[in-house]
Amino acid sequence: MTALRDEAARDRIRDDTGSTLFVDAGAGSGKTKSLIDRVTTLALVDGVSLRNIAAVTFTEKAGAELRDRLRANFETVWKDPGEGPEEDRARAAAALEDLDGAAIGTLHSFAQRILTRHPIEAGLPPLIEVLDEVGSSVAFDGRWSVMQRELLDDESLAQPVRLALAAGVRLEHLRSLARAFQSDWDLIEDRVLPGGPPTVTLPDVRRLFDDARDIAAREGECGDPDDKFLARLGALTAWADEYADADDAENQLAGLVAAQELTWSHGQRGKWPAGALEAIRGGCKEWQEQARQVLAQFTNATLRPLAYWVANQV
Ligand SMILES: Nc1ncnc2c1ncn2[C@@H]1O[C@H](COP(=O)(O)OP(=O)(O)OP(=O)(O)O)[C@@H](O)[C@H]1O
Ligand SMILES: [Mg+2]
């Protein structure tokens, strides 16, 4: 068999236990094998006890694989040290004995190991447990149902909650937000909480009404009172009439949501001066896009205090 091109690097990982190495390698390239070789050298050649070795993996599966493969390795040497000195056999036996208690496994289990051994220094109760994915998800569900109840009960949040729901935000979205905050909880203090609770500044919607009326006024240019596009402009005028006087946030928001329902189809070009129908329709679409942006600002403004509240709870 021809030697691998990076054989020297592999040998170094196995043998050069005196150096700190950083190894970056792709899937299936032999990382686990190299790690096993290195731990084997440490245990059998350098005589380091497995109690003093930590081999940390990302997943439980990789941790179990590492342990199994190390066991197989040590058993082989223990059964048949081959040319090696009798000392190898004794070291293999000791390694097998220490293997079950060795710090081989996931980062979580490694951290837990340190924390449970030094609970006082870490400021923890002596019996902590690390939740796995399922356990942590169940724990989150429990916390979220409490959080959700408090959110809906909090007087000071009543308006933002009502507005956010009216803007199409669902409790499910806030739950995802809580989840995201929870998984990056360490960033919250620096990035979300400074500045204190945000004040809600709602965007100004008045210009939309002036613009809507300007566009609708162009109905006079049409040469046929039955042209179907006139009904579209009529709907725009009706929209403006219905919501122009809304001075409370809820109705303004309802107006912004309703503006998204208006459509601009139909109408016959021949019934309008050259290019007029296209220009008016273009204006309608631009206007609607502006309304959409104001709606987004509105949603954003109502979400801020909610996001702040959620960040404070997780
Ligand atoms: N130097 C080598 N020569 C021949 N085969 C090797 C060598 N190193 C590893 N292998 C074999 O290649 C396969 C993959 O090795 P290994 O599991 O160590 O890779 P890995 O990088 O840890 O993979 P993964 O990314 O899946 O965790 C195994 O069957 C292993 O026995
Ligand atoms: Mg591997």
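User: Which residue forms a salt bridge with Asp-98?
Analyst: A salt bridge needs a side-chain nitrogen of Lys or Arg within 4 Å of a carboxyl oxygen of Asp or Glu. In this predicted model, the closest N and O atoms of the pair are 3.2 Å apart. The partner of Asp-98 is Arg-51.

User: How many residues apart are Asp-98 and Arg-51, and where do they lie?
Analyst: Asp-98 is in helix 4 (residues 86-99), and Arg-51 is in the loop between helix 2 (31-45) and strand 1 (54-57). Helices (H or I, at least four residues) and strands (E, at least two) are DSSP runs, numbered from the N terminus. The pair links distant parts of the chain, with a separation of 47 residues.

User: What pLDDT do local features need in this predicted model?
Analyst: Residues are numbered from 1 along each chain as its sequence is written, chains are lettered from A and ligands numbered from 1 in the order in which they are written, and side-chain values use heavy atoms, leaving out hydrogens and water. This is a predicted model: side-chain atom pairs count only at pLDDT 80 or more, totals for chains, interfaces and linings use all residues, and local features need pLDDT of at least 70.

User: Is Asp-98 buried or exposed?
Analyst: Buried means under 20% relative accessible area, exposed over 50%, and partly exposed in between (1.4 Å probe, protein chains only). Asp-98 has a relative accessibility of 14%, so it counts as buried.

User: Which residue forms a salt bridge with Asp-141?
Analyst: Asp-141 sits in helix 7 (residues 133-153). At 35% relative accessibility, Asp-141 is partly exposed. The closest N and O atoms of the bridge are 2.3 Å apart, and the partner is Arg-175.

User: Which residues form a network of salt bridges with Arg-14?
Analyst: Arg-14 is partly exposed at 32% relative accessible area. Asp-15, also partly exposed, has 45%. Arg-14 and Asp-15 meet side chain to side chain at 3.0 Å, N to O. The network joins Arg-14 to Asp-15 and Asp-11.

User: How many salt bridges does the structure hold?
Analyst: Side chains of opposite charge can pair when their charged atoms come close. Among the bridges here is Arg-175 with Asp-141. The total is 18.

User: Which residues form the negative surface patch?
Analyst: Patches are made of residues with over 30% relative accessible area and no salt bridge; like charges are joined within 9 Å, nonpolar side chains (Val, Leu, Ile, Met, Phe, Trp, Tyr) within 5 Å. Lys and Arg count as positive, Asp and Glu as negative, while His and the chain ends are not counted. The place of a charge is NZ of Lys, CZ of Arg, CG of Asp or CD of Glu. The members are Asp-184, Asp-186, Glu-189 and Asp-190.

User: What is the relative accessible area of Glu-189?
Analyst: Glu-189 lies in helix 10 (residues 185-191) and belongs to the negative patch. It is exposed, at 62%.

User: What accessible area do Val-56, Phe-58 and Leu-107 have together?
Analyst: These three form a nonpolar patch on the surface. Leu-107 is in helix 5 and is partly exposed at 45% relative accessibility. Accessible areas come from the Shrake-Rupley method with a 1.4 Å probe; for residues, only the protein chains shown count as cover. The patch has about 330 Å².

User: Where does His-266 lie?
Analyst: His-266 has a phi near 70°, a positive value in a residue other than glycine. It is partly exposed, at 46%. Its place is the loop between helix 13 (249-259) and helix 14 (276-313).

User: How far apart in space are Ala-93 and Phe-74?
Analyst: Ala-93 is found in helix 4 and is partly exposed at 28% relative accessibility. Phe-74 is 19 residues away in sequence. From C-alpha to C-alpha, the distance is 7.5 Å.

User: What distance separates the centres of domain 1 and domain 2?
Analyst: Domain 1 covers 7-122 and domain 2 covers 132-314. These bounds come from an automatic or database domain assignment. Taken over C-alpha atoms, the centres are separated by 57 Å.
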